[in-house]
Amino acid sequence: MTRKAVALISGGLDSLLAARLIQQQGIQVEGINFFTGFCVEGHTHAIRNHDRKRVKRNNALWVAEQLGIKLHIIDIVDEYKNVVINPRHGYGANLNPCLDCKIFMVRKAHEWLRENDFDFIITGEVIGQRPKSQRKRCMPVISQESGAEDLLLRPLCAQNLPATLPENEGWVDRAGLRDFGGRSRKPQMALAREFGFEDYAQPAGGCCFLTDKTYSVKLQDLWDNRGSREYELDDIMLLKVGRHIRPSKDFKLIIAREEGETNFLSGYRHQFQTIKTVSHGGPIALIEGVTLDAEQLELACAITARFSQGRDADSVELRFSDPEQASRSIHVKPLAANQIERDWIIA
Amino acid sequence: MSEIIEVDARRLFCPLPVIRLQNCIKQQQPGARVRIVSTDPGSMNDIPTWCRINGHQVLASEEQDREFIFLVQKATMEVSHGG
């Protein structure tokens, strides 16, 4: 009887190697990949104009094709919010809840396993590889709190861990697994060479915006000023785009940095109040926050004009649009560079 | 010929267009045809790759006014990826 394993496929090297080690033992493997909304999958790349010609591949799909396995991509945006908002094990250096994230993903994989009649779960975890979620003492925490228990096998470091069910039942030969540990990538690179894998995604750490300091600062600002840590997919997508400037607690401007971002932000003009320069080439700005009074609106326009080609003009015309009202024209003198206070700039 | 099912994945970014296609295809009978429109340039790689992995066929693809359009036919047989 062919046993079946579901592999967590991130798109990086470790999950690629872990899956191939298990395939080598005659196990049927299928991949599972989770979309949290924070995944770094070329979004900024796809939005920004100068990047559009360099089309970026989805690494999880690429890995699945290299392995010759099916890949199930699962949208967990809504369920994942609780992981980000209330991480039981806390955050890493930024707003990255890495340990809770791993527990959550293994739990989801375990649910999938039961629904699809698979036998065990594999991940590309390596003891000591990551400071937060891959410490040795985290490994049993992930197995237990996810509910996967001994159905969770980490092929790359299995020889450094207690035997799991697939090993004890003889489905998998422990001798064919590995004893990798620590932060060095050399053993993985050697194994990749052995398997003939080239052109794999550069490994470690860069797969989630929550590990990014600038992004985390913007998310924290959003939470602080909203008075709530709730968010929607649009909120976290918009944090990936534009300059974010908050001149007061009441509102924030998201100002496009180039044409691709202007096109992208224009798609939100039915949801947000917007400002767009008219008399000169320039960006669109989304206004996020309360309805602005006249003084705030003038300030918002003067800031936006600062980033237009009319930055040195005496007067710049902008169009203020509100999804619920007719748009109108506003003339302002752009702010000078030194009038934009440093603490307004979120990122 | 059966009707073509439409999937609008405009303004969605990778991997959401693939997820929309995947979830639609899952509900269809073998041989069904699905037309998906995406504005994410990443779809040019991702949708054909996802189809190859799962044995579905891209019958046609084109780019029109920054939109990427694919006509996909669901596999008539389950793809086997033996160990």
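## The sheet of chain B

In chain B of this predicted model, 4 strands form an open sheet of mixed pairing in the order β1-β2-β4-β3, where two strands count as paired if DSSP finds at least two bridges between them. The edge strands, each of which pairs on one side only, are β1 (4-9) and β3 (57-64) of chain B, and the twist from one strand to the next averages 15 degrees. Helices (H or I, at least four residues) and strands (E, at least two) are DSSP runs numbered from the N terminus.

β1(B) runs parallel to β2 (residues 33-38) of chain B and is joined to that strand by 6 bridges; I5(B) stands opposite V34(B) in β2(B). Strands of a sheet pair through backbone hydrogen bonds, either parallel or antiparallel.

## Helices of chain B

The helix α2(B) packs on the sheet and touches β2, β3 and β4 (67-73) of chain B, its direction making about 5 degrees with that of β4(B). Such angles run from 0 to 180 degrees between N-to-C directions, with axes fitted as lines to C-alpha atoms, for helices over the stretch in contact.

In α1(B), the buried residues are L16(B), P17(B), V18(B), L21(B) and I25(B); a residue is buried if 20 or more other C-beta atoms, placed from the backbone, lie within 10 Å of its own. The cover over these residues includes β1, β2, α2 and β4 of chain B, together with β2 (28-35) and β3 (71-75) of chain A.

## Contact between the chains

The contact takes 28 residues from chain A and 23 residues from chain B, two residues being in contact if their C-beta atoms, placed from the backbone, lie within 7 Å. On the side of chain B that touches chain A, the elements giving two or more residues are α1 (16-26) and α2 (43-54) of chain B, and α2(B) gives the most, with 8 residues.

By class, that side of chain B has 11 nonpolar, 8 polar and 4 charged residues, with Ala, Val, Leu, Ile, Met, Phe, Trp, Tyr, Cys and Pro counted as nonpolar, Asp, Glu, Lys and Arg as charged, and the others, Gly among them, as polar.

## Domains of chain A

Chain A is divided into domain 1 (4-209) and domain 2 (241-344), with bounds that come from an automatic or database domain assignment. The C-alpha centres of these two domains of chain A lie 42 Å apart.

## Confidence and conventions

The model scores ipTM 0.90 and pTM 0.90.

Residues are numbered from 1 along each chain as its sequence is written, while chains are lettered from A and ligands numbered from 1 in the order in which they are written. Because this is a predicted model, local features need pLDDT of at least 70 and side-chain atom pairs count only at pLDDT 80 or more, whereas totals for chains, interfaces and linings use all residues.

Note on methods:
Buried ≥ 20, exposed ≤ 12 C-beta atoms within 10 Å, placed from the backbone.
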